[in-house]
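Please keep the sequence and the model side by side while going through the numbered points.

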Amino acid sequence: MKKIEAIIRPYKLDEVKAALTEMGVMGMTITEVKGYGRQRGHTERYRGSEYVVDLLSKIKIEVVIPEDEVEGVVQTIIDSARTGEVGDGKIFISSVDEVIRIRTEERGEAAV
Ligand SMILES: Nc1ncnc2c1ncn2[C@@H]1O[C@H](COP(=O)(O)OP(=O)(O)OP(=O)(O)O)[C@@H](O)[C@H]1O
Ligand SMILES: [Mg+2]
């Protein structure tokens with residue numbers, strides 16, 4: 001199993017969530033996060049001087065899925081989250097050793 005962590009623009013959450021639900025993703029975790037990428041946030045002016053706000057609000061979506069669903073989920077996130085402007089976000093993929101459904105004690109792909 002793989003975990004997809006996608007950092008996206010907050011206003012894109014509804015669209016990404018709907019697209020993932022539509023393709024049958026059965027569970028996800030959403031967290032409000034702050035971060036920065038290559039541009040290190042953006043510049044603001046206050047009382048005549050410029051300063052950099054380097055931590056921008058983003059949403060992190062976590063989805064754990066069977067390995068053969070990874071490419072479909074990644075493409076769906078890209079298609080629903082992209083604007084083409086800097087700051088669209090990033091997707092990280094990592095391996096998950098085990099998943100256990102607490103209620104039934106099912107394990108592995110049966111539990112995702
Ligand atoms: N290397 C990284 N490690 C962890 N989080 C990251 C990393 N790069 C980006 N992020 C997270 O993703 C968010 C969005 O990043 P962003 O889309 O600005 O990436 P970028 O590499 O600067 O690409 P772009 O040039 O398209 O803006 C950041 O605010 C941060 O939360
Ligand atoms: Mg950036």
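1. Ala, Val, Leu, Ile, Met, Phe, Trp, Tyr, Cys and Pro count here as nonpolar, Asp, Glu, Lys and Arg as charged, and the others, Gly among them, as polar. By these classes, the shell around ligand 1 holds four nonpolar, five polar and four charged residues.

2. This is a predicted model, in which local features need pLDDT of at least 70 and side-chain atom pairs count only at pLDDT 80 or more, while totals for chains, interfaces and linings use all residues. Residues are numbered from 1 along each chain as its sequence is written, chains are lettered from A and ligands numbered from 1 in the order in which they are written, and side-chain values use heavy atoms, with hydrogens and water left out.

3. Ligand 1 is surrounded by 13 residues, of which Gly35, Arg38, Gly87, Gly89 and Lys90 are the closest; a residue is near a molecule if one of its heavy atoms lies within 4 Å of it.

4. Polar contacts (pairs of N or O atoms within 3.5 Å) deserve a look next. An oxygen atom of ligand 1 lies 2.7 Å from a polar backbone atom of Gly89, and a polar side-chain atom of Gln39 is 3.0 Å from an oxygen atom of the ligand. Of the 610 Å² of accessible area that ligand 1 has on its own, the protein covers 72%, as found by the Shrake-Rupley method with a 1.4 Å probe.

5. Where does ligand 1 sit? Ligand 1 sits in the largest pocket, in the sense that more than half of its atoms lie within 2 Å of the pocket's grid points. A pocket is an open set of points, on a 1 Å grid over the protein atoms alone, with protein on both sides within 12 Å along at least five of seven lines, and its lining residues have an atom within 4 Å of a point.

6. The largest pocket is lined by 19 residues, and Tyr36, Gly37, Arg38, Gly87 and Gly89 lie nearest its centre. By class, this lining has six nonpolar, six polar and seven charged residues.

7. The second largest pocket is lined by 15 residues, with Gly27, Met28, Val63, Val64 and Val112 nearest its centre. Its lining divides into nine nonpolar, three polar and three charged residues.

How values were computed. 1 Å grid on protein atoms, 1.4 Å probe; cavity = no way out; pocket = protein on both sides within 12 Å on 5 of 7 lines; lining within 4 Å. Polar contact = N/O pair within 3.5 Å; in protein donor to acceptor, adjacent residues only side chain to side chain.
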